[in-house]
Amino acid sequence: MKIGIEVANDSELWDAAIKRSNRGTIFHTWKWLKCAEKQTRTKLYPLVAYTGEEMLCILPLFVRRKGLSFVYSPPPKALLIYMGIVFLKEFSNLRKFESTFNEFLLSLNNFLDSEFGSSFVRIRSSPFLQDVRPLKWAGYSVTPHYTLCINLQNGLEQIWNGFDKKVRNNIRKTEKEGCKVELGEWGELNALREMLAERFIAQGIKPSENYYKDYLLELFREFHPENMKIFAAKIGDKTVGGFVGLTFKDRFLLWIGIPRMELKGVYPNDLAIWEGIKWAKEKGYKYFEIMDAGDDARLSRYKSQFNPEPEIWFSSVKLTGFLRVLNASLRKILR
């Protein structure tokens with residue numbers, strides 16, 4: 001089976017493929033990719049693989065050249081944890097999937113070698129690609145990560161009862177204190193952005209200048225209100241917590257937000273998450289994902305209070321060209 005790889009230039013064809021695939025995410029859409037390219041100052045290579053005239057899969061790659069080539073999907077510093085390969089074709093059995101995936105990776109390797117030479121390649125696949133064994137066979141170092149998901153097909157009472165008792169009490173207390181959650185606009189999103197930046201400063205971490213302001217504003221203009229929802233927890237007119245939610249197909253994503261606040265007896269983020277769950281279920285979404293990379297145990301402990309189920313996704317890293325040779329030599333020395 002011969003698999004060809006092309007760099008796409010048709011945004012409509014690309015988005016149509018993402019929408020019809022049950023594995024595509026909002027982060028794969030053309031508008032999001034272009035926003036991420038601008039934010040990260042990388043070069044976007046939206047790859048499409050074909051078998052004959054049939055589209056097999058897509059893979060957006062972001063490339064930064066600094067002597068060597070650094071190839072990412074998704075790129076760093078874009079507020080994204082996963083992206084990666086989206087298969088558009090359904091396979092009737094495992095053997096066909098394995099052989100097709102293997103052939104695609106051979107073609108991808110040839111493309112990477114010819115376009116970028118020696119490079120560092122990192123592909124972080126979404127939870128919709130569960131079988132990544134071919135990446136391991138192709139020489140990638142594969143590491144599991146976990147995001148967190150609440151099944152909204154369960155009853156609302158069942159979801160509520162699954163919460164940790166402390167969270168349920170926090171939500172009740174916060175409501176009694178007069179905190180309200182409403183769908184916000186750019187002003188509320190910007191307030192959340194500023195709170196996140198202030199939290200980093202309090203922890204001794206210096207955030208980037210204007211902390212993603214231009215990036216978030218551009219995404220807001222492209223995706224709000226259809227696919228972006230701002231859940232702002234307020235006391236009076238002041239935003240004191242909340243999060244940015246993303247909607248795509250049957251899934252609601254808690255993307256960024258929930259900044260830690262020092263408010264005695266008030267837990268705005270707990271209330272915002274509960275209101276977001278209720279809203280998403282009412283609108284017919286099947287899953288509420290509290291996006292997580294599993295890198296911060298403290299954050300994971302907080303999120304686990306809402307009784308989500310972990311969903312696995314994978315980060316795959318490979319060195320090509322002389323970097324691969326150098327890495328192999330170092331491993332022999334360190335044995």
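Trainee: Is Trp32 buried or exposed, and at what relative accessibility?

Mentor: The model is a predicted one. The relative accessibility of Trp32 is 0%. Buried means under 20%, so Trp32 counts as buried.

Trainee: Where is Trp32 found, and which residues of that helix are buried?

Mentor: Start with the general idea. An α-helix has 3.6 residues a turn, so residues three or four places apart point the same way. Now the case here. Trp32 is found in helix α2, which runs over residues 30–40. Buried in α2 are Trp30, Trp32, Leu33, Cys35, Ala36, Glu37 and Thr40.

Trainee: What covers the buried residues of α2?

Mentor: The cover includes helices and strands from several parts of the chain. Among them are α1 (11–20), β2 (43–51) and β3 (54–66). It also includes α8 (213–223), β10 (238–248) and β11 (251–257).

Trainee: Which residue follows α2, and what is its phi?

Mentor: Arg41 follows α2, and its phi is positive, near 55°.

Trainee: Which residues does Trp32 touch, leaving out those up to four places away in sequence?

Mentor: With that exclusion, Trp32 touches Ile26, Phe27, Leu80, Tyr215, Leu219, Phe223, Leu246 and Trp255.

Trainee: How many residues are in the largest nonpolar core, and which have the most contacts inside it?

Mentor: That core has 49 residues. Those with the most contacts inside it are Phe27, Trp32, Tyr215, Met228 and Trp255. Ring pairs also link Trp32 into a cluster with Phe27, Tyr82, Phe223, Trp255 and Trp313.

Trainee: How far apart are Trp32 and Leu299 in sequence and in space?

Mentor: They are 267 residues apart in sequence and, C-alpha to C-alpha, 26 Å apart in space.

Trainee: What describes a pair of aromatic rings?

Mentor: The distance of the centres and the angle of the planes describe such a pair. In this model the count comes to 31 aromatic pairs. One of them is Phe87 with Phe101, an edge-to-face pair at 5.0 Å centre to centre with 75° between the planes. Phe87 lies in strand β5 (residues 86–87) and Phe101 in helix α3 (residues 94–116), so the pair ties together parts that are 14 residues apart in sequence. Both Phe87 and Phe101 are buried.

Trainee: Why is the pair of Trp160 and Phe163 tilted?

Mentor: The planes of Trp160 and Phe163 are at 55°, so the pair is tilted; the ring centres are 5.8 Å apart. Edge-to-face needs an angle over 60 degrees. Trp160 is buried, with a relative accessible area of 16%, and Phe163 counts as buried at 2% relative accessibility.

Trainee: At what angle do helices α6 and α9 pack?

Mentor: Helix α6 (residues 165–176) and helix α9 (residues 268–282) pack at an angle of about 100°, and their axes are 8 Å apart. The two are therefore roughly perpendicular to each other. From α6, Val167, Asn170, Ile171, Thr174 and Glu175 meet Pro268, Asp270, Leu271, Trp274 and Glu275 of α9.

Trainee: Is Asn190 buried or exposed, and which side chain does a polar contact join to that of Asn190?

Mentor: Asn190 is found in helix α7 (residues 186–202). Its relative accessible area is 13%, so Asn190 is buried. A polar contact of 2.8 Å joins the Asn190 side chain to that of Arg193. Glu209 is 19 residues from Asn190 in sequence and 14 Å away in space, C-alpha to C-alpha.

Note on methods:
Residues numbered from 1 in each chain as written. Predicted model: local features only at pLDDT ≥ 70, side-chain atom pairs only at ≥ 80, totals over all residues. Heavy atoms only, no water. Buried < 20%, exposed > 50% of the residue type's maximum accessible area, 1.4 Å probe, protein only. Helix = DSSP H or I, 4+ residues; strand = E, 2+ residues; numbered from the N terminus. Contact = heavy atoms within 4.5 Å. Polar contact = N/O pair within 3.5 Å; in protein donor to acceptor, adjacent residues only side chain to side chain. Phe/Tyr/Trp six-rings, centres within 6.5 Å; stacked < 30°, edge-to-face > 60°. Core = buried A, V, L, I, M, F, W, Y, C linked by side-chain atoms within 4.5 Å. Axes fitted to C-alpha atoms, helices over the stretch in contact; angles between N-to-C directions. Parallel < 35°, antiparallel > 145°, perpendicular 65-115°, else oblique.
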